[in-house]
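Look at the aromatic rings in this chain. Ask what each one sits beside.

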Amino acid sequence: MGKLSESMCGCVCEVKEDGFRDKSSIVQHLWRCSPILVPYDADSNHEPCCKLGHKAHWAVITGFLIGKDVSVSEAMPKDSKQDDIIQNLYHLAPLQFSAWKDGFLSPDDCLYVLAKQGKSEHLQAWLYDDLQDSNKQLLFVDPERTKDSDNYVIPDEGIEAVLANKVVFLSKRT
């Protein structure tokens, strides 16, 4: 997917091994307005599931939401803006990392990623941990898909070697 993105979109791609291990790198990349491609097992509603790779698909992650279990006004960085409609929703200033450097994301926070799967018409909010669990258990190709090589690209090395625990960071070419 990285090579396809580079050739079709003219972007720079970086495959991250064990890409979900570091939440901060995921969030910082998204904070820079740069998307991430993630292989995962897709359930019938396109949300992440764990089917050992039998329902492997790709999703594009374009944003995030952080649920904080504290007084929102105390937790928010100074350069954030309160939403005009939703009282406890704050928008972080794009490309401002001062809050991040101060340890803005804590282990107690609930992190959601905003994702779009190719077959879905809707942007969805998925729990980070659910997508991480789905991504790391990509082990086997669905036997039905191996029979249909015209519609599926199946790596010779197997999907565990090529997809499991990997994400693709996309960035603008400078």
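The model holds three aromatic pairs. Rings of Phe, Tyr and Trp (its six-membered ring) pair if their centres lie within 6.5 Å; planes under 30 degrees apart count as stacked, over 60 as edge-to-face and the rest as tilted. Take Trp-31 and Phe-64: their centres are 6.3 Å apart and their planes stand at 65°, so this pair is edge-to-face. Trp-31 lies in helix 2 (residues 23–31) and Phe-64 in strand 4 (residues 56–67), so the pair ties together parts 33 residues apart in sequence. Helices (H or I, at least four residues) and strands (E, at least two) are DSSP runs, numbered from the N terminus.

This is a predicted model: local features need pLDDT of at least 70, side-chain atom pairs count only at pLDDT 80 or more, and totals for chains, interfaces and linings use all residues. Residues are numbered from 1 along each chain as its sequence is written, and side-chain values use heavy atoms, leaving out hydrogens and water.

Buried means under 20% relative accessible area, exposed over 50%, partly exposed in between (1.4 Å probe, protein chains only).

Tyr-40 and Trp-126 form a tilted pair, 5.0 Å centre to centre with 50° between the planes. Tyr-40 is in strand 2 (residues 36–42) and Trp-126 in strand 8 (residues 124–127), 86 residues apart. Both are buried.

Tyr-40 also has a bridge partner in strand 4, His-57. Strands 2 and 4 run antiparallel, joined by six bridges. Two strands pair if DSSP finds at least two bridges between them.
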